[in-house]
Structures are given as C-alpha cells and as structure tokens.
Amino acid sequence: MSFLTRLINKNTSMYRILFVLLSLILLNGSVHAQDKFYSLQAKTIEGKDFSFESLKGKKVMIVNTASKCGLTPQYEQLEKLYATYKDSNFFILGFPSNDFLKQEPGTNEEIAVFCQKNYGVTFQMMEKITVKGKKMHPVYKYLTKKSLNGYGDSEVQWNFQKYLINEKGEIEHVISPRVSPLDPSVLEWITKKE
C-alpha cells in the first residue's frame, strides 16, 4: 500500500471520528434540555437530597414561596391543586425564598411548621434558596436561562411565580405570581393529554 493510500485511509478514519464527535456535541447541546432538568438536585426542607430524576414522566409545577406575602394564601390553593391531581402524575415543588422584601425570614424548620400548621401542606417543600441574583440556586438558573432550559429566558418577578414542566422535563409555561394555581389555564395544562 502506497504512502498516499495510507494517508487517505487515515484521513478518512479521522474524518469519520470528527464527524461522530461533532454530531454528539451538537446533539448534546440542543436536544437534551430535559436531561438537564432531570440531572438537577436540591434539598428538601428536611435537609434530604432530592433528585429531579424521580420526576420523570410527571407534570411538575415549581413555585417560589414566602410566608409573609400578600400572595401567601396561594399555599391553600397549591395544596388543593396537589390533593386533586397528585394521583394523576402531577407534582409540586415549593421553594421558599427571602428575595422579595424579605418576606420569608424564617428558618427551614419554621417554614415547615408554618406551612403545615396554617395550610396543611403535603406537597414537597424544599429548603430555602435564592431565586435571583449572583447566589441563584442551580434549579432557578435552569428555569430562567434559555441556554439551559431551551424554552426561554425569564426573571422571577415575585413570590409565587410558577414554572410548569411537562412529562418530558421541558418548560411549557411560566405563570405570573398573581395568577392563582387554580386558574383554568393551569387546570387545563394538568389535565391535557399528550
């Protein structure tokens, strides 16, 4: 085999390898926002690790909460929503945050007691986090950055903003804080079949 033939064969193999690598890079960067969602982790309000992989196949509402806000009564609506649809592959994650006028000053323990005592919350409450700024929790980085979620950039406007994630781990809607969790648009989204 001549030197030229060997060089062409080597280059052909190199081109194949480069093509495969480039294809993998392109696919990984664009198609798998849902994989990024399911790779997220956080801690529950009790301090236990929570893997978002356990949410595969479920519709999920993620909401930042506060105990001393004019919208705090939404806890009752969130609990009613969860009680109604929890057996229909629907899950709620509540993330307490003190980012808006310091309306969630309590510790995780105090927040847990408040939620249970005042609203009978049974949906999954998470540890208190930051949902904006430099110390933003990775879950909220994902929710608010198009480069991570593939849906779009958003900003958490206030307590009780809701992110609706479908069964594939993709954001489908961002719901304003003032919109009730029991709004017909939310109920329609939960009950809509793929």
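Modeller: Two strands pair when DSSP finds at least two bridges between them; strands are DSSP runs of E, at least two residues long, and helices are runs of H or I, at least four long, numbered from the N terminus. This is a predicted model, in which local features need pLDDT of at least 70 and side-chain atom pairs count only at pLDDT 80 or more, while totals for chains, interfaces and linings use all residues. Residues are numbered from 1 along each chain as its sequence is written, and side-chain values use heavy atoms, with hydrogens and water left out.

Colleague: How many helices and strands are there in the chain?

Modeller: The chain holds seven helices and seven strands. Read from the N terminus, their sequence of elements is α-α-β-β-β-α-β-α-β-α-α-β-β-α.

Colleague: In what order do the strands of the open sheet stand?

Modeller: The five strands are arranged as β5-β4-β3-β6-β7, and their pairing is mixed. Because β5 (124-125) and β7 (171-175) are at the edges with a single partner strand each, one side of each has no neighbour in the sheet.

Colleague: In which sense do β3 and β6 pair?

Modeller: Strand β3 (residues 59-65) and strand β6 (residues 162-165) are antiparallel, joined over four bridges. Within this pair, isoleucine 62 faces tyrosine 163 of β6 as its opposite residue. On the other pairing, β6 and β7 are also linked over four bridges in the antiparallel sense, with histidine 173 of β7 as the bridge partner of leucine 164. β6 and β7 form a hairpin with five residues between them, and glycine 169 in the turn has a positive phi of about 85°.

Colleague: Which strands does helix α3 lie across?

Modeller: Helix directions are compared through axes, lines fitted to C-alpha atoms (for helices over the stretch in contact), with angles from 0 to 180 degrees between N-to-C directions. Helix α3 (residues 74-85) lies across β3, β4 (90-96), β5 and β6, and runs at about 155° to β4. Helix α7 (residues 184-191) also packs on the sheet; it touches β3, β4, β6 and β7, and its direction makes about 145° with that of β3.

Colleague: At what angle do the axes of α3 and α4 cross?

Modeller: The axes of α3 and helix α4 (residues 108-119) cross at roughly 75° and come within 10 Å. The two helices are therefore roughly perpendicular, a term for angles of 65 to 115 degrees. Tyr75, Glu76 and Glu79 of α3 meet Phe114, Cys115 and Tyr119 of α4, where contact means heavy atoms within 4.5 Å. These residues comprise four nonpolar, no polar and two charged.

Colleague: Is asparagine 166 buried or exposed?

Modeller: Buried means under 20% relative accessible area, exposed over 50%, and partly exposed in between (1.4 Å probe, protein chains only). Asparagine 166, in the loop between β6 and β7, counts as buried at 3% relative accessibility. Leaving aside residues up to four places away in sequence, asparagine 166 touches Tyr38, Lys58, Lys59, Glu172 and Trp189.

Colleague: Where does histidine 137 lie?

Modeller: Histidine 137 is located in the loop between β5 and α5 (138-144), and is buried with a relative accessible area of 13%. Residues up to four places away in sequence aside, histidine 137 touches Gln41, Ala42, Ile129 and Thr130.

Colleague: What percentage of the residues of the chain count as buried?

Modeller: Of its 194 residues, 41% count as buried. Among contacts between residues at least 6 apart in sequence, 66% join residues at least 24 apart.

Note on methods. Angles under 35 degrees count as roughly parallel, over 145 as roughly antiparallel, 65 to 115 as roughly perpendicular and the rest as oblique. Ala, Val, Leu, Ile, Met, Phe, Trp, Tyr, Cys and Pro count as nonpolar, Asp, Glu, Lys and Arg as charged, and the others, Gly among them, as polar.
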